[in-house]
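Student: I am new to this structure and would like to go through it with you. Could we take it one term at a time?

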Amino acid sequence: MHDDHGHGSAHDHYDASSPQIRIEALEDLLVERGIADRERIDATIERFEHDIGPMIGADLVARAWADPSLRTRLLDDADAVVAELGVRGAEIEHIEIKANGPGVHNVVVCTLCSCYPWALLGLPPNWYKSPEYRARMVREPRAVLSEMGLDLEPDTELRVWDSSSETRFLVLPERPAGTEGWPVERLTELVTRDSMIGVARAADPRGQQSGAHEH
Amino acid sequence: MPPDAEESTPATHGVHDLGGASGYGPVPHDPDEPPFHADWERRVFGLLGAVTASTARRPGEFRYALERLHPDDYFKNGYFGRWLAGFEVLLDEYGVVGRSDLARRMAEMRDAVLLEAGRTDLIPSVVSKATPARRVSPVADRDPALLPRDRPTPTPQRRTVRRELADPPRFNVGDRVIAPAPAQAGHTRLPGYAVGKPGTVAKLHPAEVLPDSTAHDMGERSQHVYCVGYDARTLWGDDAEPNTTVHVDLYECYLQAAPSED
């Protein structure tokens, strides 16, 4: 992280191309004109920095791992399950869950912009929004996944989902072996953001020994 | 094979239409990346609601503003950088904050800082009255006759792009379909890499308003939406990776029937 744009530092104010000074000026003008409200801006930022994030999707995945009937319903009609669980918010008008399994792997991209299920995963990371990911994930997805640390067998069927309509996709990763009997709360710790985009598997339970108890 | 489907090229290949583009290297991957990397990114994100509520209220309109940006503005400061550039374009076009107003305010802020720092020598004695140049393509003129007809749909209860359509879908799961190049310039959700390539309908999604129309203020013209699967070899030829299907969600009016496989 290179956050050297100190708010209001003199350096920024010498450079009209600096996004820091442009957004400060724009925000001031919009607030003065009654178009924007600073408290609402702050509240929106706060919500997406702390309250809305991958833990919401991870909860959904862990519940599906723990409850086969929920898993079936989730794959069949995710909108109904998401509504039942009280998940609301932006960018989930229609959700589809794509399940990984033996010989099948799913990965999500948006080549035209950066569509992403905000209400389930929070805001997308920069790499998901990068031209590198957007350009290459449809053209050479196995090479990209391998560079990111996920090597698929050549005979594994790879399904890439390009989010070009308002449908949003979430990958249901495979439940790792050695997690039998784990409660949902503990399972969620294995469900990473990357695993729900499809660029990684769920975390290895052997790396999550803290607080472990044998069942 | 429908006429011209194979030979045609997209009416526009926008800067945003990145699928399959060459020249890009490794993904800048960080598994623990936070949503924001600088305070200005937070402020840009926080302003989205206010900006779109006072400007781009129609589905697809904000995306289309980003697609119309100069490539420098699209790429220079990443995702939130292009949002900021898009805000400036929309606020200027809608007359909410003109680009001259913004330039003047930034100059005032600069001068105030210089004054405080005791560097009045750096404050320009002549203030430019020139209006900053527009760095954006205009909204393309669209011929409504080239768009599918509008049709009445029940008004949804909440703000959403989903619509119920009385007409049945034209295609079914398993049908072979092909999307010819768009007939005219403007906003579309048809990625260039899928143009002219036969695919198979994998699933139907809920019907939606047509962004190609709403972004241009030409009504909803709602469409059935299909998830179309393309074999990677169809898209990329012999050097495609094995066992790979790329699925693209396409609006019904993009599609024609294609000959079935063998």
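Student: What makes β3(B) and β4(B) a pair?
Tutor: Two strands pair if DSSP finds at least two bridges between them. Here seven bridges join β3 (residues 223–231) of chain B to β4(B), and the strands run antiparallel, so they count as paired. At one bridge, Gly229(B) is the partner of His247(B) in β4(B). Strands themselves are DSSP runs of E with at least two residues, and helices are runs of H or I with at least four, numbered from the N terminus.

Student: How should I read the model and its labels?
Tutor: This is a predicted model, where local features need pLDDT of at least 70 and side-chain atom pairs count only at pLDDT 80 or more, while totals for chains, interfaces and linings use all residues. Residues are numbered from 1 along each chain as its sequence is written, and chains are lettered from A and ligands numbered from 1 in the order in which they are written.

Student: Which strand of chain A joins β4(B), and how do they run?
Tutor: Strand β3 (residues 157–162) of chain A does, through five bridges, and the two run parallel. Val160(A) stands opposite Val246(B) there.

Student: Why is β4(B) called mostly covered?
Tutor: Seven of the eight residues of β4 (residues 244–251) of chain B are buried. Buried means 20 or more other C-beta atoms within 10 Å of a residue's own, with C-beta atoms placed from the backbone.

Student: What makes α4(B) largely enclosed?
Tutor: In α4(B), 14 of the 16 residues are buried, so the rest of the structure largely encloses this helix. Just after α4(B), Gly95(B) has a positive phi of about 75°.

Methods. Buried ≥ 20, exposed ≤ 12 C-beta atoms within 10 Å, placed from the backbone.
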